[in-house]
Amino acid sequence: MKVLIFHGYLLRGTGSNVYNASLARALARLGHEVHLLCQDRAAGDLGAGKPGSVTIHNPDIGGLLPVFVRDTYEGFEVKTFSELGDNELDRYIEANVAAVREVVESSGGVDAALANHLVMGPVILARAGLGYALKVHGSDLSYTVLPELDRFRPYAQEAIDSAAGVLVGSQHIA
C-alpha cells in the first residue's frame with residue numbers, strides 16, 4: 001500500500017515530530033511504501049528498509065516555516081501561524097498543495113493519506129484533492145485554533161468537513 005503522510009515540520013525532538021517519524025518507520029516495517037512530506041532535510045531514511053520504504057519529500061516553502069509554538073529551526077525564518085499575514089499563509093498552503101500533487105503524481109497515486117494537525121495539513125490535502133484521515137495533536141488547538149478562533153475556524157472546519165476520519169490521542173484532545 002502507498003501511504004502519504006503530511007507533516008510540515010521536522011522529525012525530531014518531541015510531540016508530533018517524533019510521532020510522524022515513528023509512524024513512517026512502523027508503516028515501512030509492515031511493508032508499505034510511505035511518502036512523508038516534511039521540512040526535515042536531515043531525516044535520512046528513518047531506518048526504514050525492507051520490505052517497505054520511506055521517501056522523504058521536502059516541499060519548497062520559500063524558507064518561511066509557520067509553527068504553532070515559536071522555536072528556532074536552522075535554515076528557516078520562523079513565525080507562528082498567528083503572526084503570518086494572509087498572503088504568507090496563502091503562499092504556504094499553495095506551495096504545499098503543489099508539492100502534494102507532485103508527489104501523488106510521481107508515485108502513481110496513493111492508497112491512503114494522513115494529515116497531521118487540525119490546521120494546515122488537512123487543508124493542504126483537501127485542496128490537493130486527496131481523501132485523508134486527520135490526526136489532531138494538542139499544539140494546533142491550544143496555540144493557534146482556539147486563541148484565534150475567528151481567523152482559524154474556517155480552516156479547521158474545512159479540515160474536519162473533508163476528512164474521512166478524525167484520530168485523537170487522548171480524551172483531552174477529543
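How many residues does helix H5 have, and how far does helix H5 reach from its first C-alpha to its last? In this predicted model, helix H5 spans residues 149–162, has 14 residues and reaches 19 Å between those two atoms. That is close to the 20 Å expected at 1.5 Å a residue.

**Helix H5 and its cover**
- Phe-152, Tyr-155, Ala-156 and Ala-159 are the buried residues of H5.

**Nonpolar cores**
- In soluble globular proteins, nonpolar side chains tend to be buried together.
- The largest nonpolar core here has 44 residues. Leu-4, Phe-81, Tyr-92, Ile-93, Val-100, Met-120 and Leu-125 have the most contacts inside this core.
- At least two residues of the core come from each of the strands S1 (2–6), S4 (64–67), S6 (112–116) and S7, and from each of the helices H2, H3, H4 and H5.
- Helix H2 gives the most, with eight residues.

**Nonpolar patch on the surface**
- Ile-160, Val-166 and Val-168 form a nonpolar patch on the surface. Together the three residues have about 210 Å² of accessible area.
- Val-168 lies in strand S8, which covers residues 165–168.
- Val-168 counts as partly exposed because its relative accessible area is 38%, between the limits of 20% for buried and 50% for exposed.

**Residue pairs and their separations**
- Glu-105 is in helix H2 and counts as exposed because its relative accessibility is 69%, over the 50% limit.
- Between Glu-105 and Tyr-19 there are 26 Å in space, C-alpha to C-alpha, and the two are 86 residues apart in sequence.
- Ala-26 belongs to helix H1 (residues 15–29). With a relative accessibility of 27%, Ala-26 is partly exposed.
- Ala-26 and Asp-86 are 60 residues apart along the chain, and 37 Å separates their C-alpha atoms.

Notes: Residues are numbered from 1 along each chain as its sequence is written. This is a predicted model: local features need pLDDT of at least 70, side-chain atom pairs count only at pLDDT 80 or more; totals for chains, interfaces and linings use all residues. Side-chain values use heavy atoms; hydrogens and water are left out. Patches are made of residues with over 30% relative accessible area and no salt bridge: like charges are joined within 9 Å, nonpolar side chains (Val, Leu, Ile, Met, Phe, Trp, Tyr) within 5 Å. Accessible areas come from the Shrake-Rupley method with a 1.4 Å probe; for residues, only the protein chains shown count as cover. A salt bridge is a side-chain nitrogen of Lys or Arg within 4 Å of a carboxyl oxygen of Asp or Glu. Helices (H or I, at least four residues) and strands (E, at least two) are DSSP runs, numbered from the N terminus. Buried means under 20% relative accessible area, exposed over 50%, partly exposed in between (1.4 Å probe, protein chains only). The expected span of a helix is 1.5 Å times one less than its number of residues. A nonpolar core is a set of buried Ala, Val, Leu, Ile, Met, Phe, Trp, Tyr and Cys residues joined through side-chain atoms within 4.5 Å.
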